[in-house]
Amino acid sequence: MLKVPSQITMNSMDQSMMESMLDCVRENVPAFEYKRPLEWTVDDVCDWLKSLGFDRYIPFFRQERITGDFLIVIIHDPEALKDLGVEK
């Protein structure tokens, strides 16, 4: 039976390679896909909207500087969404 160590340590080369791989992911994957919504910037929110095909709302969200933490609050407020031009 294979024994797996309870703690894996990385040498500096392993850590450098891991950091390079993460940098590659960050460069090629939209931030909203690997960040928690509470951490989304205005750009992340706009990228998310675009990925859903809601490009028409981007100018309103940008103008109001909607970040992920605020998005989570307003997404359940029909009046706030209406103020941003979002309609069902």
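Q: At what relative accessibility does Glu39 stand?
A: This is a predicted model, in which local features need pLDDT of at least 70 and side-chain atom pairs count only at pLDDT 80 or more, while totals for chains, interfaces and linings use all residues. Residues are numbered from 1 along each chain as its sequence is written, and side-chain values use heavy atoms, with hydrogens and water left out. Buried means under 20% relative accessible area, exposed means over 50%, and partly exposed lies in between (1.4 Å probe, protein chains only). Glu39 counts as partly exposed because its relative accessibility is 42%.

Q: Which residue meets the side chain of Glu39 in a salt bridge?
A: A salt bridge is a side-chain nitrogen of Lys or Arg within 4 Å of a carboxyl oxygen of Asp or Glu, and the structure has 3 by this rule. In one of them, at 3.4 Å from N to O, the side chain of Glu39 meets that of Arg36.

Q: Which helix holds Asp43, the salt-bridge partner of Arg62?
A: The side chains of Arg62 and Asp43 meet in a salt bridge of 2.7 Å, N to O. This pair links distant parts of the chain, 19 residues apart, with Arg62 in helix α3 (residues 58–63) and Asp43 in helix α2 (residues 42–51). Arg62 is partly exposed, with a relative accessible area of 38%, and Asp43 counts as partly exposed as well, at 42%. The helix asked for, holding Asp43, is therefore α2.

Q: Is Asp44 buried or exposed?
A: Asp44 and Lys35 meet through their side chains in a salt bridge of 2.7 Å, N to O. Lys35 counts as partly exposed, at 24% relative accessibility. Asp44 has a relative accessible area of 6%, which means that Asp44 is buried.

Q: Which three residues form one aromatic cluster?
A: Rings of Phe, Tyr and Trp (its six-membered ring) pair if their centres lie within 6.5 Å; planes under 30 degrees apart count as stacked, over 60 as edge-to-face and the rest as tilted. The structure holds 3 aromatic pairs, among them an edge-to-face pair of Phe32 and Trp40, with 5.9 Å centre to centre and 80° between the planes. Phe32 is buried at 12% relative accessibility, and Trp40 is buried too, with a relative accessible area of 8%. One aromatic cluster is formed by Phe32, Trp40 and Trp48.

Q: What is the area of the nonpolar surface patch that includes Met21?
A: Patches are made of residues with over 30% relative accessible area and no salt bridge, like charges being joined within 9 Å and nonpolar side chains (Val, Leu, Ile, Met, Phe, Trp, Tyr) within 5 Å; accessible areas come from the Shrake-Rupley method with a 1.4 Å probe, and for residues only the protein chains shown count as cover. Met21 is found in helix α1 (residues 12–28) and counts as partly exposed, at 48% relative accessibility. Together with Met17, Met18 and Leu22, Met21 makes a nonpolar surface patch of about 380 Å².

Conventions
Helices (H or I, at least four residues) and strands (E, at least two) are DSSP runs, numbered from the N terminus.
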